[in-house]
Each structure stands twice: as structure tokens, then as C-alpha cells.
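Trainee: I am new to this structure and would like to go through it with you. Could we look at it together?

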Amino acid sequence: MYGVEPGDVFLADCPARLAVEVIADKWSVVVLWGLNDHARRHTELVELIGGISKKVLTQTLRRLQANGLVTRTDHGGVPPRVEYDLTDLGRTLMGPIRLLTEWAEENGEAVLAAQEAG
């Protein structure tokens, strides 16, 4: 069995825990994955990500930007043209997100079955 040691990722004062909390948000991983291929505008992300409201997307993008995972580029003009893209740090998450996505695809049915049984 594994114990919890000082500095462990699950302890409140650990920077790793804070990093996990940023990406553990309901929408963070989905938004990050939506930016995987290239920069996108807000409206593109709303269309790409089913079920997210404009307000929640804005909040999620701001949080990801504040934590150094996403950049916001304002190209100016009328109407304003703003794009969001991954930072180098944000790009380091694409491998782990890909693995998580594969796990979800392989185990999604089992999770649904457990929910229905429980």
C-alpha cells in the first residue's frame, strides 16, 4: 500500500497538486484538447465543444491563461478577432490527455455500466 509523504502530490501545499487542480476542472481538458491542432477563436471552441456555455468557456480560458497553459492573442479589428492557443507548457499536456482519452474510449462502457448498476 502507498503512503502519503510530505511534498506528496495530494497534500494541499504541493505545487503539483495545484497543477492537477487546474486541469482537473470539468472543462479544462476538453478546452485544451480543442486547441491541440491550432489556435481557435472563441466561437470555434463553442461549436467544437458540445454542451459548454460561452460564459463557462470564457471562465475556463481565463483560468488556463492565468496558469500559463493558453495564450490569448487580440488581432484587433472590427469586430474584434481574438484567438486562443496552447503555450509550450500547455502543449506538454497533449500526451497525457491523449492517454486519458484512450482510456476513456476503452473504458467508457464499463463506467456507464457501473453507474447504472450502482
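Trainee: What do the buried residues of H4 pack against?

Mentor: The buried residues of H4 pack against helix H1 (15-23), helix H2 (28-34), H3, strand E2 (70-74) and E3. Contact here means heavy atoms within 4.5 Å. Helices (H or I, at least four residues) and strands (E, at least two) are DSSP runs, numbered from the N terminus.

Trainee: Before going on, what kind of model is this?

Mentor: This is a predicted model, in which local features need pLDDT of at least 70, side-chain atom pairs count only at pLDDT 80 or more, and totals for chains, interfaces and linings use all residues. Residues are numbered from 1 along each chain as its sequence is written, and side-chain values use heavy atoms, with hydrogens and water left out.

Trainee: Which residues of H4 are buried?

Mentor: They are Leu57, Thr60, Leu61 and Leu64. Because these residues cover an arc of only 100° around the axis, they lie on the same side of H4. The arc is that of the directions from the helix axis to the C-beta atoms. Buried means under 20% relative accessible area, exposed over 50%, and partly exposed in between (1.4 Å probe, protein chains only).

Trainee: How does the span of H4 compare with what it should be?

Mentor: The two agree: H4 (residues 54-66) has 13 residues and should span 18 Å at 1.5 Å a residue, and its end C-alpha atoms are 18 Å apart. The expected span is 1.5 Å times one less than the number of residues.

Trainee: What comes just after H4?

Mentor: Gly68 does, with a positive phi of about 80°.

Trainee: Where is there a cis peptide bond?

Mentor: It joins Val78 and Pro79, with omega at about -5°. Pro79 belongs to the loop between E2 and E3. As background, most residues other than glycine have a negative phi, and most peptide bonds are trans.

Trainee: What about Leu48?

Mentor: Leu48, in helix H3, counts as partly exposed at 46% relative accessibility. Not counting residues up to four places away in sequence, Leu48 touches Gly34 and Arg40.

Trainee: Which residues is Thr71 in contact with?

Mentor: Leaving aside neighbours within four places in sequence, Thr71 is in contact with Glu83, Tyr84, Asp85 and Thr87. Thr71 sits in strand E2 and counts as partly exposed at 32% relative accessibility.

Trainee: New topic: which residues line the largest pocket?

Mentor: The lining consists of Arg41, His42, Thr43, Arg72, Pro80, Arg81, Val82 and Tyr84. Helix H3 (42-48) and strand E3 (82-86) are the elements that give two or more residues to that lining. On a 1 Å grid over the protein atoms alone, a pocket is an open set of points where a 1.4 Å probe fits, with protein on both sides within 12 Å along at least five of seven lines; lining residues have an atom within 4 Å of a point.

Trainee: How much space lies in the largest pocket?

Mentor: About 150 Å³. That volume is the space filled by probe spheres set on the points, with grid points joined across faces, edges and corners.
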